[in-house]
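Please look over the sequence and the model shown here before reading on. The report then goes through the model part by part.

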Amino acid sequence: TRKLKNVQLLLLSAAVENLSPVAVVRRSLCVGGFMGYLPNIREMVANWTGADSDSDQLFFTKVYVDPARRKALNITLDTKCRLFQNLHGALDEVVLKFEDGQVRARNVQYDTLPVILHGNGPTKLQMNYLGNYVPNSWTFESGCTACLENLSQPESEYPLVVIGIFIQQPTPFVSVFFERLLKLQYPKNRLKLFISNQEPHHEQQVSSFLQNHGSLYLDVKSIRPDEEMGGADARDLAFDMCRKDKECDYFFNLDIEVVLKNENTLKILIKQNLPIVAPMITRAGRLWSNFWGALSEDGYYARSEDYVDIVQGRRVGLWNVPYVSSVYLVKASLLQAELKDYQLFTSESLDPDMAFCHNVRSKGVFMYVNNLHTFGRILSTEKYKTEHLHNDLWQIFENPLDWQERYIHENYTRMIKDKLIENPCPDVYWFPVFTDVACNHLVEEMEHFGKWSGGGNMDTRIQGGYENVPTIDIHMNQVNFDKEWQKFLLEFVAPITEKMFPGYYTKAQFDLAFVVRYKPDEQPFLRPHHDASTFTINIALNQVGTDYQGGGCRFLRYDCSVQAPRKGWALMHPGRLTHYHEGLPTTAGVRYIAVSFVDP
């Protein structure tokens, strides 16, 4: 009203770029906003005789272009957006201005600060974006002031949630996914599971989970690969399962490639009390996430101004966005009302996630992404192959964080700080590096491959074809694991080498890296020898006393032995000149070790 009084007008109308049927000036009258004194507005609309379906835009334009009426009513257009800002046709002119604990919309063409924003049609998404900030929903000073609004109150009984799990392609670390699902901090008697598996490769993992843990949940429905149900059909069916269930309060979509690290995710999302809310997850080391900040004109991905800041955590809050995927929570009441149509995910031109979000937007329902907490990440699945027994072993390049969590010993990262590196013999270092799972998978992979060497001196696998001190073994390159093994040595062994042998820096090159098998009736020991290496890594892959008896390594020069190798621990020692050594006899069972001759 202050701005209206300052320009001494009886009636001020919003202006918009080229919307009027009659082009009176560059900016035309828009009926999206009027401000004035009541008598003048009454007089302006007094002659309206049209139906509700008639064009009010045309009616008001005719009033404005009539010079006599325009003068009598003292109508003017807010052509410089001092009060009104219409977004249609002006998206490039409007930016956010952060100042003094509040956020304003600024028109950069006229350098004005309008106080009323109007968006319709295709500009509604930009209105949602601006609404994330204006006037003080999020500021640099206070952060997210809207995040604590309208939170759900604790109930005597947890809401019932249907969790929809969707497996659409070969995916690494599926067993770990189900382990995390079990750790979700939510009563299992208030959870129903819907599992759709389209990938035969994962049928054993799904069956094992259901057999061992399915009875913990209130109800379980499983769709097998041989039922040949498509991705969109499975999602539609899962949503309808919640929609028709009178007890269902929420549907939680959880795709198999989601690594949900936050065990309280479900509780956090429910507390937000929003129609659709997704926990933000990203792909490690990349800007890829499970939401889009904006859409292109054809409805596909576009990067919003704040996308990178949100993904990288420089802005945290609740964000109204046009697209979410992979993991999100939906209120059941929404499925029973605004989203009651069965085929929410089905489209002839869009993939299921895009079809769902399009249908949600068309119903005027808001979707939010939450980055107030760290929730997890999403796996890379593009290069995942299923040609091995334990295919996750090959994921050190594509999903290095998940590979490390699965296969590197829990004490590795604090090993140097807490002085866990032991020194059992001169210049021999002993440290934890592999988990039990890593050891088991490597042994099982080699036994599955099965092409153990005969233990003779003639060996066509090596340069020159002759092995002076042969073992019964399988080389890493025989199972196409040599590149992954070098990456492991470079990432997890080289730092220890450089710490224990100051001044020496390794690129972890090797000609020979292999798994050795010792058995009393096959090859129980290895005679004294030097290794063709600058330094050697020897990792115990199973447990003395449990899997075998005897074994160990003796360094003759120092008359020093390591006779109780610990599973997953590595022995590191110089290979040539000083550390002449032998493999002590295995007297019972089967002993496995992984050996690398590094920097030959």
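## Domains

This is a predicted model. The domain assignment divides the protein into domain 1 (38-146), domain 2 (161-378) and domain 3 (391-598).

## Contact between domain 1 and domain 2

The C-alpha centres of domain 1 and domain 2 are 37 Å apart. Nine residues from domain 1 and 13 residues from domain 2 make up the contact.

The size of an interface is often stated as the accessible area that is lost when the parts come together. For domain 1 and domain 2, about 960 Å² is buried between them, and 56% of that area is on carbon and sulfur atoms. The number of salt bridges between domain 1 and domain 2 is zero.

## The largest pocket

The largest pocket has a volume of about 920 Å³. Its lining consists of 34 residues, and the closest to the pocket centre are P122, T123, K124, L125 and Q126.

At least two residues each come from β5 (94-99), α5 (124-131), β17 (294-295), β19 (318-321) and α12 (352-362). Which of the elements gives the most to the lining of the largest pocket? That is α5, with five residues. Sorted by class, the lining of the largest pocket has 15 nonpolar, 14 polar and five charged residues.

## The second largest pocket

The second largest pocket holds about 660 Å³ of space. It is lined by 37 residues, and E467, L512, F514, D531 and F597 lie nearest its centre.

β26 (473-475), β27 (510-518), β28 (526-529), β29 (535-540), β34 (581-583) and β36 (591-598) each give at least two residues to the lining of the second largest pocket. The largest share comes from β27, which supplies five residues. By class, the lining of the second largest pocket has 16 nonpolar, 12 polar and nine charged residues.

## Two points in the backbone

Which form, cis or trans, does the peptide bond from V134 to P135 take? The bond is cis, and its omega is near -10°. P135 is in the loop between α5 and β8 (138-139).

L577 is in the loop between β33 (569-574) and β34. The strand β34 was also named above, among the elements that each supply at least two residues of the lining of the second largest pocket.

Note on methods: Residues numbered from 1 in each chain as written. Predicted model: local features only at pLDDT ≥ 70, side-chain atom pairs only at ≥ 80, totals over all residues. Heavy atoms only, no water. 1 Å grid on protein atoms, 1.4 Å probe; cavity = no way out; pocket = protein on both sides within 12 Å on 5 of 7 lines; lining within 4 Å. Points joined across faces, edges and corners; volume = space filled by probe spheres on them. Helix = DSSP H or I, 4+ residues; strand = E, 2+ residues; numbered from the N terminus. Nonpolar A, V, L, I, M, F, W, Y, C, P; charged D, E, K, R; others polar. Domains from an automatic or database assignment. Contact = heavy atoms within 4.5 Å. Buried area = accessible area lost by both parts, 1.4 Å probe. Salt bridge = Lys/Arg side-chain N within 4 Å of Asp/Glu carboxyl O.
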